[in-house]
Amino acid sequence: MSERIRLVVDGKPAEINADPAMPLLYALRDDLGLANPKFGCGLAQCGACTVHVDGRPTRSCVTPMSAVQGKKITTIAGLGTPERPHPLQQAFVAEQVPQCGYCLSGWMMTAAALLRDKPKPNDRQIRDALVGLKCRCGTHMAILRAIKRAAAGTMA
Amino acid sequence: MNLTHFSRRDFLKAGGALVVSVMIPGTVHTTRAQMSGVSGGKPPLMPDELDSWIAVLPDGKVTAFFGKMDMGQGVDVAIGQIVADELDVRFDRVNVVMGDTAFTCNQGGASGSTGIQTGAPTLRYAAAEARRLLVERAAGKLGVPADKLTVKDGVVSVSGDSQRTTTYGELIGGQHFHHKLEWNKRYGNPLLAKGQATPKKPSEYKVVGQSIPQKIVGNKVFGTLQYVTDVRVDGMLHARVIRPPSAGCGPVAIDESSIAEIPGARVVREKDLVAVVAEHEWDAVRAARVLKVTWAPPCAPFPEMTGLYDHIRQAKVTGAQVPIKKGDVEEALKTASRVVEAEYEWPFQSHASMGPACAVADVRADRATLWTGTQKPHYARDGVAKLLGLPPASVHAVWTPGPGSYGRNDAGDAAHDAALLSKLTGKPVRVQYMRNDGTGWDPKGPAGVYRGRAGLDAQGNVVAYDFSAKGFTRQDVATNESDPKDTLAGQLTGVPPKPTIIFQVPAEAYEFANKRCGWECIPPLLDRGSPLRTGHLRDPLGPETHFASESFIDEIAHAAGVDPVAFRLKYVKDPRHVAVIKAAADKAGWSKRAYPNPRRGKGNVMVGRGFSYTERNGTIVAMVAEVEVNRLSGRVWARQFTVAHDCGLIINPKGLRLTIEGNIVQALSRTLFEEVQFDRDQVLSVDWTTYPILEMQDAPERIDIVLLNQPEIAATGAGEPSTRTVPAAIANAIFDATGVRIRRVPLTPERVKAALTAGGTNR
């Protein structure tokens, strides 16, 4: 039973006929060809599928299409571009954070919301905000450095 | 390096299907286009052809063809640095192609931290030989002897006459060398090919030694990198596999009507391999969820989990070795005034890669294309060829970055599944595992029991040292998937498995007069299609073995009443090893004091420090871990690591530091949290709740790294060595903080708390 669902994804309007129970992740990846949110667990346990839904970091792997009608979706590709990078993207490049990189949507989209709401978080606040996210390559130290670097840039 | 400046504009026609060209179109395809049809075409892709390693494009850019893989640590950048130095071109003029079996020779893929150690020499020799040939050509063209020429940035000039120049592009751009190298006739890690040229001396390196960043990081951070999960082929079906609910049970009946409502969904089955396919991914996911399968009754192949280590102790031995034997341990033990003994236990662990594996296969009657994130695409090609009954040359494997890889993970199984399902359906098939397939069914790091015995004389000197391990082999399935017997697709369709019996002894340089280190392997719990089959997991048996051996060294030191660092320095004589141990201790400000920590803290948090030192294939690591142990919760926080690392010549310091950090954090996760849960019938660790790993709260506050560069010593590996040093450093620090020795991993809060409650020495 498919429904017509309208969205704005990374600033572009999109319209999808989809099973309302289908998770948003499959619509982004398969219907819209936006591959950067990743399937990591399908259980909201890792964060690899994280996008912003109306600005709120959301696990797209468990978010049904019925819940995103008319919503604004942002992926890391919508956060910024090489020409107009988000400070976090600049910082993640400068710190050479990712190894496999498959987890990045979780860290970057969650940290982007954190820095928007709390531009100068301390170490504890950063760690608390990132609870539930996974990185199997163990790049945690570089992730922390990058977020702090971006926060410092925000202050400047 | 222009790796993967990819966008969806980049398509190419391949095999009659419109295929997203996933990997390095700016390199492979540009190279192919610019090198085709000139000077008699490219010689066959053989290791003894210089053209198999180096190409110079018309604009003077250089393409290097690397037969190993980078899994995110930047090995390809290091290879580019080495090639740039040997050829005297700028780093940004070098592209490194890797992982495509049509363009690279089999150098063994990602394997045992050998990306530089065994992967770089041939590239270095080939680049040096290419430079020699180019200078020779320039000599002819410019009419001066070769020794009167200098090269800078790919421009060859006459010494003292800057007007007389030519360029690599002018000399050979777009043409092949058609030049033979001397090849040792080996493939894989041992492959070595050399020319006549002598490579540069380390003192002449300009690019090697620089912290050149990975360009591909930008593609990841801006969300433009195409992973293997993102490959799409026209007419492709999405597949999901259905693994049995109980290990070792095959399907008895499948009710296809249970998925009749789902558009296009259907069952594909070959013997015990069951899958569903559908045109739309979500339909395949739904079909896999609702498909009704009747399975053979459970056969209880596993012991109770609580009895795992007793099972190992009592199991029959299928193979044993004593690789280290010096003096007479048994006789020496008789003379000891005191014997120290301890046993350590390490559980099964999962790769639990960031995403479950994915592969895409397009199998035709006479050929096949495979997109895989495996560490070893050449071997995946060979295995898939065997599975399909095709010659290896008719299978083209294209490595495409996967969702993390730390050994023989589930990627090796996905490649074979995709190939078999494509053959059975007659369509290209993309198989992606679900989380429970990835964590529940990947090959596991083996469980084992480790025993140390040491004899001390009256003065506290070690007169005998005996270390033995007993556990599951590390290779129920081989390190690569070059044979279907080593894959689930093979085993579930009737190919008999053939494990290799291989284990590990500690790697260190303790000079005990009487020393013996050996191991025994036991049979697998289930001989085929087992979710507890073992395979290589980052630094195979390294963390396991050295958790035991370096914990035991601390126990001996404690029994002898000697400071742990002083104790190690008393028995280690090799100057490089000594230097590494001292560097870690010095950087951490290690000073002799009573042990365990007499000032561990008065509140609920106790603090301690632990030392550990190991070697791995020439790389030497020592570290100090400083931990906080919460008396009430049992939580261990490894607040700080101080690491000294000697892997010979350093190619890229920043890349090396980041690699070491990753090793340490991943190993910390395995030490504190990771244990595969199972019952008599099945693995119960199937997701991140049932197989928790380290999260950000448990990441250290800081990791200080001292790099000991040895320009005159050939580079050895860095992708694993610092992994094996971590577990004992933590266990030793917990002992220092609490006075309680814990000898079983993982060191979860529950286990630590129980040990603290029991007091004294505990498992």
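Predicted model: local features only at pLDDT ≥ 70, side-chain atom pairs only at ≥ 80, totals over all residues.
The contact draws on 45 residues of chain A and 49 residues of chain B. On the side of chain A that touches chain B, at least two residues each are supplied by helix 1 (24-31), helix 2 (76-79), helix 3 (87-94) and helix 6 (140-155) of chain A. Of the elements of chain A, helix 6 gives the most to this side, with 4 residues. Sorted by class, the side of chain A that touches chain B comprises 25 nonpolar, 14 polar and 6 charged residues.

Chain B contains 19 helices and 28 strands. Its radius of gyration is 27 Å, and the globule rule gives 27 Å for 763 residues, so chain B is as compact as a globular protein of that length. Along the principal axes, the C-alpha trace of chain B spans about 80 × 80 × 45 Å. Of the 763 residues in chain B, 59% are buried. When the contacts in chain B between residues at least 6 apart in sequence are considered, 78% are found to join residues at least 24 apart.

The domain assignment divides chain B into domain 1 (11-226), domain 2 (230-298 + 352-441) and domain 3 (574-758). Between domain 2 and domain 3 of chain B, the C-alpha centres are separated by 37 Å, and the contact between these two domains involves 9 residues of domain 2 and 8 residues of domain 3. On the side of domain 2 of chain B that touches domain 3 of chain B, the residues divide by class into 4 nonpolar, 4 polar and 1 charged.

Chain B also includes an open sheet of 3 strands, arranged in the order 3-4-5 with mixed pairing. Strand 3 (54-56) and strand 5 (94-98) of chain B each have a single partner strand and stand at the edges, so one side of each is left without a neighbour in the sheet. With direction ignored, neighbouring strands of this sheet are turned against each other by 20 degrees on average. In general, the strands of a sheet pair through backbone hydrogen bonds, in either a parallel or an antiparallel manner. For strand 4 (residues 62-66) and strand 5 of chain B, the pairing is in the parallel sense and extends over 5 bridges; B:Phe66 has B:Met98, in strand 5 of chain B, as its bridge partner.

Terms used: Residues numbered from 1 in each chain as written. Chains lettered and ligands numbered in written order. Contact = placed C-beta atoms within 7 Å. Nonpolar A, V, L, I, M, F, W, Y, C, P; charged D, E, K, R; others polar. Rg over C-alpha atoms; globule rule 2.2 N^0.38 Å. Buried ≥ 20, exposed ≤ 12 C-beta atoms within 10 Å, placed from the backbone. Domains from an automatic or database assignment. Pairing = 2+ DSSP bridges. Axes fitted to C-alpha atoms, helices over the stretch in contact; angles between N-to-C directions.
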